[in-house]
Amino acid sequence: FIVVGHTLSYGAGFYDIYMVKTDAFGNEEWHQTFGGIEEDFGYSVLQTSDGGYVVLGFTVSFGSGSRDVWLIKTDAQGNMQWDKTFGGNASDAGFEIKETTDGGYIITGYTESNSNGLFDVLLIKTDANGNEIWSKNIGNGNYESGSSVAQTHDGGYIITGYTISYGNGAKDIWLVKTDNAGNEEWNYTFGGINNEAGQQILQTFSGGYVIVGYTESRGSGQMDVKLIKTSPAGI
């Protein structure tokens, strides 16, 4: 297994990205840290076709803002090969990365630097070397954030996370479909009067989508797991 998060026990600064490789039984084989003297968090890790890894999160130690999206490429032993930061002079973070069919990467998270209001969903497409091809902000002025992204059968992208601009409650699960250039095609919200958020998404063989997240509007307790299956049209 490969795991990423953050650590106070090791590294160079306050919080550092912490990457751990284990064997099939969960025994640690090696670990690596990445960061500077400020806060640096890791949220997503993916094994690449060359046997190395890409790590995604945010950095305060490097970049141009209070938080910047941080993308790190490593070899098979977790040694950094290159890194890229994305963001402006406010807060930006990356929460999930996926490899795309052209060998590049798709990233989602949130941006405050170039948003239409407070925070917008951030969608970044890069080439195989982490160079930005395009970047899109999706939102309407309140708090929106992307938690998970997947490339769809038609070459576009599907994103889940949450929105406060739309829907029924404080936070609603947000499902957004884009074309292959990141332009929004449609969006739907799911939720009640309390908080909901989508945290993972995938496309099914039938073309529909499965979202897993949480709800405070329904269920047995303060926060319950929510599982949603949609048609290919998102409804």
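Strands here are DSSP runs of E with at least two residues, numbered from the N terminus, and two strands pair if DSSP finds at least two bridges between them. Before going further, note that this is a predicted model, in which local features need pLDDT of at least 70, side-chain atom pairs count only at pLDDT 80 or more, and totals for chains, interfaces and linings use all residues. Residues are numbered from 1 along each chain as its sequence is written, and side-chain values use heavy atoms, with hydrogens and water left out.

Look at strand 4 and strand 5 (residues 53-59), which pair in the antiparallel sense over seven bridges. Val45 stands opposite Val55 in strand 5, and Gln47 has Tyr53 as its bridge partner there. The hairpin of these two strands has five residues between the strands, and in it Gly51 takes a positive phi near 90 degrees.

Inside it, strand 9 and strand 10 pair in the antiparallel sense over seven bridges, with Gly109 opposite Leu122 in strand 10.

What about the nonpolar side chains? A nonpolar core here is a set of buried Ala, Val, Leu, Ile, Met, Phe, Trp, Tyr and Cys residues joined through side-chain atoms within 4.5 Å. Buried means under 20% relative accessible area, exposed over 50%, and partly exposed in between (1.4 Å probe, protein chains only). The largest such core has 11 residues in all, including Val54, Leu71, Trp82, Phe86, Ile107 and Leu122. Strand 5, strand 6 (68-74), strand 7, strand 9 and strand 10 each supply at least two residues of this core. Take Ile107: leaving out residues up to four places away in sequence, its contacts include Leu56, Val69, Leu71, Phe86, Leu122 and Val149. Contact means heavy atoms within 4.5 Å. As a general matter, nonpolar side chains tend to be buried together in soluble globular proteins.

On to the charges. A search of the whole structure finds six salt bridges, a salt bridge being a side-chain nitrogen of Lys or Arg within 4 Å of a carboxyl oxygen of Asp or Glu. In one of them, the side chains of Asp102 and Lys125 meet at 3.1 Å, N to O. Asp102 lies in the loop between strand 8 (92-99) and strand 9 (105-111) and Lys125 in strand 10 (residues 120-126), so this pair ties together parts that are 23 residues apart in sequence. Asp102 is exposed, at a relative accessible area of 55%, whereas Lys125 is buried, at 4%.

Asp154 and Lys177 also form a salt bridge, with the closest N and O atoms 3.1 Å apart. Asp154 lies in the loop between strand 12 (144-151) and strand 13 (157-163) and Lys177 in strand 14 (residues 172-178), so the pair ties together parts 23 residues apart in sequence. Asp154 is exposed at 53%, while Lys177 counts as buried at 3%. Lys177 has a salt bridge with Glu185 too, at 2.9 Å between the closest N and O atoms, and Glu185 is partly exposed at 43%.

Which side chain of opposite charge is nearest to Asp120, a buried residue without a salt bridge? That is Lys136, 12 Å away, with Lys and Arg counted as positive, Asp and Glu as negative, and His and the chain ends not counted. Asp120 is in strand 10, and among the residues touching it, beyond four places in sequence, are Tyr110, Asn137 and Glu144.

Technical notes
Helices (H or I, at least four residues) and strands (E, at least two) are DSSP runs, numbered from the N terminus.
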